[in-house]
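Please look over the sequence and structure below.

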Amino acid sequence: MNDKQYLILRKNIIKYLKDRLGERLFLHSLGVEAAAVQIAAASANYRLIKRCSIAALMHDAAKCLSLSEMKSSVKKAGYKLSGGVAEKEGLLHGHASAHIAAEIFNISDRGVITAVRNHTLGRLKMSVLEKIIFISDYIEPGRNFAGIEELRSNVYRALFNSCLDRALLLVVRDKIRTLEAMGVSIEKILFDINDALSKTLEKRA
Ligand SMILES: [Fe+2]
Ligand SMILES: [Fe+2]
């Protein structure tokens, strides 16, 4: 994707989102893009910055769809999902957004598609792109919950020290803590990611 293609794609995605998402979700999408570009800049990898921008804009594109529309979108894409994921809009929308990215915007970059698909729960062995989108979704400038400012500054400090995994661990732990406080059931994968990252960082210390 050259710069001109990037700018045109970005403009088209923003128009698509503006026409379909409500104001709150539209601003959230722009906020995730802003955070993702800031974080990706720490990599000094220009191509990665552009890919993060596109994945961030796309990540919640399907959130305006009903559960049945999401299901049919995921079916068309041929994605195989566990029953738990397939029955909840909150878990399914990433996969439906990935289908929109591929079908409507002809995005063929597998890394971008995978990051959009996995942005809600994450997974073990995430790529750098996936990690950045996962973090950005949680700390984007529009997020406003108790402790966000401290979390955000800790995340940026970790990134400044070149530790994307530490930044990711901070976000995963905060997400688990928030979900626990809300009293909702937490997908096991989040605990698995927490354990795997803790071990990786311990080994590095
Ligand atoms: Fe989402
Ligand atoms: Fe989001």
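The points below cover the metal site and the aromatic contacts.

This is a predicted model, in which local features need pLDDT of at least 70, side-chain atom pairs count only at pLDDT 80 or more, and totals for chains, interfaces and linings use all residues. Residues are numbered from 1 along each chain as its sequence is written, chains are lettered from A and ligands numbered from 1 in the order written, and side-chain values use heavy atoms, without hydrogens or water.

**Metal site**
- Donors are N, O and S atoms within 2.8 Å of the metal (3.2 Å for Na, K and Ca); water is not among the atoms, so sites may look incomplete.
- His93 belongs to helix H6 (residues 89-103), and His119 to the loop between helix H7 (110-117) and helix H8 (128-139), 26 residues apart.
- Helices (H or I, at least four residues) are DSSP runs, numbered from the N terminus.
- His93 and His119 are both buried, meaning under 20% relative accessible area (1.4 Å probe, protein chains only).
- Asp60 coordinates both the iron ion (ligand 1) and the iron ion (ligand 2), which are 3.4 Å apart.

**Aromatic contacts**
- Tyr16 and Phe105 have ring centres 5.3 Å apart and planes at 80°, so they pair edge-to-face (centres within 6.5 Å, planes over 60 degrees apart).
- Both Tyr16 and Phe105 are buried.
- The charged end of Arg20 sits over the ring of Tyr16, 3.8 Å from its centre (CZ of Arg within 6 Å of the ring centre and within 35 degrees of the ring normal).

Methods
Helices (H or I, at least four residues) and strands (E, at least two) are DSSP runs, numbered from the N terminus. Buried means under 20% relative accessible area, exposed over 50%, partly exposed in between (1.4 Å probe, protein chains only). Rings of Phe, Tyr and Trp (its six-membered ring) pair if their centres lie within 6.5 Å; planes under 30 degrees apart count as stacked, over 60 as edge-to-face and the rest as tilted.
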